[in-house]
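Me: Can you take a look at this one with me? I have a few quick questions.

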Amino acid sequence: MNSGARRTTANSSPYSVLDPRGSRKWAANHLCASIYSIRRQAANLAKSMQRKTHAVLAALMVASALAALVLSWTALGRQFDTYAYDFFFRLEPPAPWQPQSIILALDEETLTKYGGLTGMRSALADGLEKIRPAQPAAVAIDFILPDASPSDGPLEAAFANTPNLVLSCDLLPNGRWEDPIERFRTHAVAVGEVHADLDKFDAISRDLPLEKAAGNDRRWTLALETFMAVNHAGVIESPDDLLVGTTRIPSADSTGRTLRIRFTPPSMNGIPPVSIAELDRHPELAARFAGKAVFAGVTAQTLSDRYSTPYTNGAIMPGIEFHANLYETIARRMFLTDAPLTWVFALSFILAAASGLAFLFTGGWPANLGAFLVLVASQAIPALAFSHGIVWEWMPGTFTAVIAIALAATWRHLIVRRQLTVAENEKTRYQRSMQFAIHELRTPLTAIQGSSELISRYGSMPEAKRKEMADLINAESKRLARMIETFLSVEKLSAGQMEMKQERFLLAEIVKRCAERAKPLAEAKNIAVHLEDLPAAQISGDRELMEYAVYNLLTNAIKYSPSGTQVTLFGEDNKNEVRLSVQDQGIGMDKKEVSRIFEKFYRTKRAEQSGEAGTGIGLSIVEQIVVQHGGSIHVESEPGKGSRFTLVLKRAYD
Ligand code: ADP
């Protein structure tokens with residue numbers, strides 16, 4: 001009966017008595033260590049995966065900022081930037097002001113009155129005479145006057161009576177200056193060039209070079225010359241700006257001294273024009289020219305050159321008004337300067353970093369909110385800068401925000417998907433381990449239940465039998481308690497709530513015990529187990545876990561060796577280390593297989609074909625245990641010849 005009960009107990013285990021793994025302790029250790037290992041490995045894997053995925057995210061964010069910057073400097077990017085500039089230009093017009101310039105216009109009515117083109121010089125002469133009493137600050141004439149004509153006398157006289165007269169010149173296609181004739185030139189304080197540059201993509205005027213050169217002959221633009229005349233000052237140049245009187249004009253040499261023009265906003269209705277014909281009818285209008293910089297030129301649509309500005313939206317502005325606008329920009333110091341490139345670069349990288357962080361630390365709505373804020377920032381910063389007279393390139397930030405958010409969101413999506421898969425796999429493994437645990441706990445319980453029932457049912461049981469049963473109950477309940485204790489310990493260990501046991505023990509002792517336990521298995525396969533020189537030094541750590549590791553290596557060596565071979569355990573110790581090797585003459589493994597045997601559930605083809613049962617978990621647990629002890633495990637193997645597993649552990653200090 002007794003032996004029957006024993007058999008029942010033994011057979012209910014997945015391991016037979018003959019199988020050295022039938023040891024209960026092994027089962028308890030196996031179950032706990034496998035749970036421990038699964039958790040531990042999952043945690044380690046998660047950590048290294050996390051490091052890798054963070055690095056991927058960082059690389060993506062840097063790449064998105066760089067890509068955005070490169071894209072922004074393509075022709076397409078530039079064009080978008082120009083449109084953004086026009087948008088901000090219209091969005092944030094300056095407050096209206098009292099213009100410091102005025103236009104003396106040769107309009108249709110004036111031309112009709114003076115007989116068309118030929119009468120233009122007479123008309124101008126009349127106009128200048130009419131405004132002279134008002135004493136304008138300066139008068140700029142937007143005609144080139146390169147040739148003599150019979151009616152030049154009155155115009156020359158008018159010029160002679162006009163203080164601070166500025167005449168015009170233009171750069172001809174042949175690369176030479178077209179200047180006014182000397183007769184007029186002598187009365188001018190300066191000659192300014194009137195060559196206008198239009199945007200090559202959309203022919204809208206946004207800025208103007210303040211200087212133009214034909215060979216060594218360089219001229220300042222008409223508006224700047226007029227400003228100098230009004231201020232009775234010359235220009236002092238530096239690489240970044242021009243200084244006229246006290247006005248510093250930000251216009252770098254590297255940009256060809258280009259200056260953005262702050263055109264009068266639509267609410268001002270332009271620079272006020274007074275036509276010469278109007279002055280004839282209303283001489284009192286001359287008073288409006290007092291102290292102003294006068295820009296005299298043709299406004300008649302048929303004759304004047306005309307420009308589009310960001311405000312005009314298809315409508316056009318006479319050339320003379322264009323020069324007056326440039327004058328206003330300088331005189332009122334309404335300069336629009338470019339944000340330094342370093343700021344633009346920095347913002348791109350900050351936006352990319354913010355996008356990355358939003359999706360790194362959060363998901364769902366918070367991440368979307370973060371992305372939204374990044375987008376808002378990418379738009380608000382150029383707008384805010386523009387309101388302070390700084391033109392902040394719009395494309396780099398916008399492109400960066402869009403690309404970085406798209407990449408970060410995709411990254412997040414992929415990570416979450418992967419995490420889900422990992423979590424599900426982990427859950428499945430954990431559940432499997434739990435089922436195994438429950439099964440193992442039930443086994444001793446069945447033995448205890450069965451034996452106690454027998455005792456109570458057969459009251460007249462011989463004393464020897466009763467003792468045998470009581471001993472069995474005692475042994476099984478102790479084993480149960482040990483299993484529970486080990487299980488809880490490993491659980492605590494894996495949760496970081498418990499330090500691994502730190503006891504000092506001899507590795508040699510463990511080896512001997514394992515050899516004893518493995519004897520039946522070795523004998524069944526006719527394999528000789530030899531213990532040679534074993535390390536004499538102590539190590540410190542968890543004796544049970546270490547025994548599990550050694551036992552696993554030994555039973556593997558026996559399992560994966562043909563009968564008639566031998567397994568040898570040997571080792572050595574030195575000042576710091578203790579080494580233990582388990583060598584067999586078994587099926588062996590190739591390099592590729594060796595590199596994978598510590599992966600959970602991995603088994604070599606050779607092992608599977610050997611007919612030996614196995615789960616592919618043992619070695620992964622062994623590795624965990626060894627690593628936990630601050631040691632390492634090394635494998636040398638050759639297919640068909642055998643394997644040698646070597647544990648290198650820290651020696652316990654005396
Ligand atoms: P199991 O033995 O349960 O399959 P292990 O994790 O202990 O799992 O071992 C993983 C695999 O490593 C084995 O399936 C086998 O392919 C290989 N292996 C381990 N030890 C040896 C050995 N001594 N000789 C040859 N192959 C081995």
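Me: Start with Cys514. Buried or exposed?
Reply: This is a predicted model. In it, Cys514 is buried, with a relative accessible area of 0%.

Me: And Cys169, buried or exposed?
Reply: Cys169 is buried, with a relative accessible area of 0%.

Me: How many disulfides does the structure hold?
Reply: The count is 0 disulfides.

Me: Which elements give two or more residues to the lining of the largest cavity?
Reply: Those are α16 (543-559), α19 (618-628) and β25 (642-650). The largest share, 5 residues, comes from α16.

Me: How many residues line the largest cavity, and which lie nearest its centre?
Reply: The lining has 25 residues, and Asn556, Tyr560, Ile597, Ala607 and Leu619 lie nearest the centre.

Me: How do the lining residues divide into nonpolar, polar and charged?
Reply: For the largest cavity, the lining has 12 nonpolar, 9 polar and 4 charged residues.

Me: New topic, helix α5. What should its residues span, and how far apart are its end C-alpha atoms?
Reply: Helix α5 covers residues 120-131, so its 12 residues should span 16 Å at 1.5 Å a residue. The end C-alpha atoms are 17 Å apart, which agrees.

Me: Which residues in α5 are buried?
Reply: The buried residues in α5 are Met120, Arg121, Ala123, Leu124, Ala125, Gly127, Leu128 and Ile131.

Technical notes:
Residues are numbered from 1 along each chain as its sequence is written. This is a predicted model: local features need pLDDT of at least 70, side-chain atom pairs count only at pLDDT 80 or more; totals for chains, interfaces and linings use all residues. Side-chain values use heavy atoms; hydrogens and water are left out. On a 1 Å grid over the protein atoms alone, a cavity is a set of points where a 1.4 Å probe fits but cannot get out, and a pocket is an open set with protein on both sides within 12 Å along at least five of seven lines; lining residues have an atom within 4 Å of a point. Helices (H or I, at least four residues) and strands (E, at least two) are DSSP runs, numbered from the N terminus. Ala, Val, Leu, Ile, Met, Phe, Trp, Tyr, Cys and Pro count as nonpolar, Asp, Glu, Lys and Arg as charged, and the others, Gly among them, as polar. The expected span of a helix is 1.5 Å times one less than its number of residues. Buried means under 20% relative accessible area, exposed over 50%, partly exposed in between (1.4 Å probe, protein chains only). A disulfide is a pair of cysteine sulfur atoms within 2.5 Å.
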